[in-house]
Amino acid sequence: MIRVRLTRGTDIGRLEAVERAAATLFRTLPDLAWLAEGRTAGPEAHARAVAQGLSWVAVDEADQPVGFLIAAIEDDADLHVLELAVAADHQGRGAGRALMQTARREAQARALSALTLTTFRRVAWNAPFYARLGYEALTAEAMPAYLLEALAAQAEHGLTDRVAMRLSL
Ligand SMILES: CC(C)(COP(=O)(O)OP(=O)(O)OC[C@H]1O[C@@H](n2cnc3c(N)ncnc32)[C@H](O)[C@@H]1OP(=O)(O)O)[C@@H](O)C(=O)NCCC(=O)NCCS
């Protein structure tokens with residue numbers, strides 16, 4: 001049974017471990033294995049999202065976080081998914097999909113016009129998953145400045161073959 005709830009301030013301390021446990025999945029991809037040891041979002045990013053009511057956790061039976069989604073509102077119109085992570089030993093059971101559905105419901109409740117994200121184009125659990133949820137890849141010409149900036153910042157950190165995607169509501 002997957003339960004998703006709003007993140008509380010007291011959950012934040014556990015989220016780095018969740019993120020690291022999620023990223024171990026990249027060890028299965030030789031080119032991206034280094035991500036398993038990579039940077040994490042950091043407590044400030046989590047605190048910002050919590051303060052805005054834009055952070056959710058998937059929790060286990062003991063109400064402990066095993067996955068999270070953090071987002072931000074951009075251009076007063078888009079709910080931008082900053083990060084989605086589910087700990088490896090809880091993956092493949094619908095927690096990621098449930099977190100994405102929660103973000104979508106929130107964007108609808110706030111009368112926003114779209115959800116957006118950036119992700120790896122060719123990683124099986126990234127762009128293809130979002131495409132099945134209805135997200136479409138954006139061309140550079142169709143991207144708002146904040147997505148161009150996000151992709152540029154990621155490229156500086158060695159992340160290539162990234163794509164920005166949008167789900168119109
Ligand atoms: C992406 C992620 C959050 C999905 O979490 P999850 O709880 O496993 O997701 P779900 O069980 O809801 O599955 C979501 C979809 O991904 C697919 N999927 C999950 N794990 C997969 C894997 N290892 N390989 C291929 N596809 C996979 C599922 O088939 C499912 O597709 P469907 O619902 O359209 O049939 C998780 O894999 C993760 O944390 N990965 C590492 C971090 C990451 O890539 N985050 C996203 C950054 S954009």
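User: How many residues does helix H5 have, and how far does H5 reach from its first C-alpha to its last?
Analyst: This is a predicted model. In the model, helix H5 (residues 145–156) has twelve residues and spans 17 Å from first C-alpha to last. That is close to the 16 Å expected at 1.5 Å a residue.

User: What follows H5?
Analyst: Gly 158 follows H5, and its phi is positive, near 85°.

User: And inside H5, is Ala 150 buried or exposed?
Analyst: Ala 150 sits in helix H5. Ala 150 is buried, because 20 other C-beta atoms lie within 10 Å, and the cut-off for buried is 20 or more.

User: How far is Ala 150 from Leu 82?
Analyst: In sequence they are 68 residues apart, and in space 9.7 Å, C-alpha to C-alpha.

User: Switching to the sheet. In what order do the strands come?
Analyst: The order is E1-E2-E3-E4-E5-E7-E6. These seven strands form an open sheet with mixed pairing.

User: Which strands stand at the edges?
Analyst: Strand E1 (3–6) and strand E6 (136–137) do. Each has a single partner strand, so one side of each has no neighbour in the sheet.

User: Which helix packs on E3 and E4?
Analyst: Helix H1 (residues 12–23) packs on the sheet, where it touches strand E3 (65–74) and strand E4 (78–86). The direction of H1 makes about 100° with that of E3.

User: What about H3, which strands does it lie across?
Analyst: Helix H3 (residues 95–109) lies across E1, strand E2 (55–59), E3, E4 and E5. H3 runs at about 160° to E4. H3 also belongs to a right-handed β-α-β unit with E4 and E5.

User: How do E4 and E5 run, parallel or antiparallel?
Analyst: E4 and E5 run parallel and are joined by three bridges. In one of the pairs, Leu 79 has Leu 115 in E5 as its bridge partner. Leu 115 in turn is paired with Leu 167 in E7.

User: And how do E5 and E7 pair?
Analyst: Strand E5 (residues 114–120) and strand E7 (residues 162–168) pair in the antiparallel sense, over seven bridges. E5 is mostly covered, with six of its seven residues buried.

User: Where is Phe 120, and which residue in E7 is its bridge partner?
Analyst: Phe 120 is in strand E5. Its bridge partner in E7 is Arg 162. Phe 120 is buried, with 20 other C-beta atoms within 10 Å.

User: What else is Phe 120 in contact with?
Analyst: Setting aside neighbours within four places in sequence, Phe 120 is in contact with Asn 126, Ala 127, Asp 161 and Arg 162. As for Pro 144, that residue is 24 residues from Phe 120 in sequence and 19 Å from it in space, C-alpha to C-alpha.

User: Back to E2. How many of its residues are buried?
Analyst: Five of its five residues are buried.

User: Why two sides?
Analyst: In a regular strand the side chains alternate between the two faces of the sheet.

User: How does E2 pair with E1 and E3?
Analyst: Four bridges join E1 to E2, which run antiparallel, and Val 4 stands opposite Ala 58. E2 and E3 are also antiparallel, with five bridges between them. There, Ser 55 has Ile 70 in E3 as its bridge partner.

User: Which residues have the most contacts in the largest nonpolar core?
Analyst: They are Ala 58, Phe 68, Leu 69, Ala 71, Leu 99 and Ala 103, in a core of 42 residues. Beyond four places in sequence, Ala 58 touches Ile 2, Val 4, Val 66, Gly 67, Val 86, Ala 95, Ala 98 and Leu 99.

User: Last topic, positive phi. Where is Asp 75, and what is its phi?
Analyst: Asp 75 is in the loop between E3 and E4, and its phi is positive, about 55°, although it is not a glycine. Most residues other than glycine have a negative phi. Asp 75 is partly exposed, with 14 other C-beta atoms within 10 Å.

User: And Ala 111, buried or exposed?
Analyst: Ala 111 is exposed, with 8 other C-beta atoms within 10 Å. Ala 111 lies in the loop between H3 and E5 and has a positive phi of about 55°.

User: What does Asp 63 do in the hairpin of E2 and E3?
Analyst: Asp 63 takes a positive phi near 65° in that hairpin, which has five residues between the strands.

Conventions
Residues are numbered from 1 along each chain as its sequence is written. This is a predicted model: local features need pLDDT of at least 70, side-chain atom pairs count only at pLDDT 80 or more; totals for chains, interfaces and linings use all residues. Two strands pair if DSSP finds at least two bridges between them. Helices (H or I, at least four residues) and strands (E, at least two) are DSSP runs, numbered from the N terminus. Two residues are in contact if their C-beta atoms, placed from the backbone, lie within 7 Å. Axes are lines fitted to C-alpha atoms, for helices over the stretch in contact, and angles run from 0 to 180 degrees between N-to-C directions. A nonpolar core is a set of buried Ala, Val, Leu, Ile, Met, Phe, Trp, Tyr and Cys residues joined through C-beta atoms within 7 Å. A residue is buried if 20 or more other C-beta atoms lie within 10 Å of its own, exposed if 12 or fewer, and partly exposed in between; C-beta atoms are placed from the backbone. The expected span of a helix is 1.5 Å times one less than its number of residues. A crossover is right-handed if, with the strands pointing away from the viewer, the path from the first strand over the helix to the second runs clockwise.
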